[in-house]
Amino acid sequence: MMGRRLLIAGNWKMNLDLYESYQLAKAVAEGVESFKNIDVLISPAFISLGVVGQKFKDSNLLIAAQNCHYEDSGAYTGEISLDMIRSTGVDWVIIGHSERRAIFGETDEIVAKKVKHALSNGFHVIGCVGESLEQRENGEQEKVVKTQVEAFLQNLSENELKNLVIAYEPVWAIGTGKVASPEQAEEMHKQIRNIVNGNAGEEAGESILILYGGSVSLTNAEELLGQQDIDGALIGGASLKQESFNGIAAIAEDISKE
Ligand code: PGA
């Protein structure tokens, strides 16, 4: 953490219909209303973004889309542009989640194009990176993550970089219940911070938020969030229940008060 403000982010993925999304957003917003020391973000599916974005724009929740396209408009059936997202009042977007990469074929180039497009249009971006199990078993995790991080950092201005958050999510820990140990996560976060330092200068490296994601739960959150270079969490499964998500946010709020 080290002077950085913790961000607790919930990635709802392809879960919850419109009504359920509204109900959960309401419960989360009420639960974190009094939190002053951290930021809390939820990311509903596109179909719910309009309602959630509008209804909770005056709450202290940040709201993100789970994806965007890299063109402004046009013949891209089924895709969503940044202007459409912005029209719901939302100006955060998650880009390059490992499910987008592995299931929908998003390469480092596509991810970098989206990150640049969103940042240059004034959005805040959570850019995701992380190695697969095979890559970790082959000892390639540092190289893989370095390539992924450097792909987004290319061509970003100093101002654009200020709105970038990086999420380190080892693919083998996502939705598996297998969490990276605090030491494994801290080691990678340190490496990512050094890459940002090397590419964009120490000030950028010290201020950028680096979130951990992959089976974060009420049981492991405190230890993970206590690491020096872990500045928050990107949470899938445990973000779908108000009790666990707000509970993790409460842990972060307590750590931040200390
Ligand atoms: P998980 O998902 O918390 O269910 O492992 C994390 C993510 O994919 O962002």
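This is a predicted model: local features need pLDDT of at least 70, side-chain atom pairs count only at pLDDT 80 or more; totals for chains, interfaces and linings use all residues.
**Exercise 1. Find which polar backbone atom is 2.8 Å from an oxygen atom of the ligand, then describe the surroundings of the ligand.**

Step 1. The backbone atom belongs to G237, and it lies 2.8 Å from a ligand oxygen. A polar contact here is a pair of N or O atoms within 3.5 Å.

Step 2. Residues are numbered from 1 along each chain as its sequence is written, and side-chain values use heavy atoms, with hydrogens and water left out.

Step 3. H97 places a polar side-chain atom 2.6 Å from an oxygen atom of the ligand. For K13, the distance from a polar side-chain atom to a ligand oxygen is 2.7 Å.

Step 4. Check burial. The ligand taken alone exposes 280 Å², and the protein buries 95% of that (Shrake-Rupley method, 1.4 Å probe).

Step 5. Count the shell. The ligand is surrounded by 13 residues, with K13, H97, E169, G175 and S215 the closest (a heavy atom within 4 Å). By class, the shell has 4 nonpolar, 7 polar and 2 charged residues; Gly counts as polar.

**Exercise 2. Characterise the largest pocket: what is its volume, and which helix gives the most to its lining?**

Step 1. The volume is about 530 Å³. A pocket is an open set of points on a 1 Å grid over the protein atoms alone, where a 1.4 Å probe fits, with protein on both sides within 12 Å along at least five of seven lines; lining residues have an atom within 4 Å of a point.

Step 2. The lining has 20 residues, and K13, M14, Q66, R100 and F104 lie nearest the centre.

Step 3. α4 gives the most, with 4 residues. Both α2 (46-55) and α4 (98-104) supply at least two.

Step 4. The lining divides into 9 nonpolar, 7 polar and 4 charged residues.

**Exercise 3. Which elements give two or more residues to the lining of the second largest pocket?**

Step 1. This pocket holds about 310 Å³ of space. Its lining has 14 residues; L161, K162, E203, A204 and S207 are the closest to the centre.

Step 2. The elements are α8 (158-162), β6 (164-168) and α10 (202-207).

Step 3. The lining comprises 8 nonpolar, 3 polar and 3 charged residues.

Note on methods. A polar contact is a pair of N or O atoms within 3.5 Å; within protein, one must be able to donate a hydrogen and the other to accept it, and residues adjacent in sequence count only if both atoms are side-chain atoms. Grid points are joined across faces, edges and corners, and a volume is the space filled by probe spheres set on the points.
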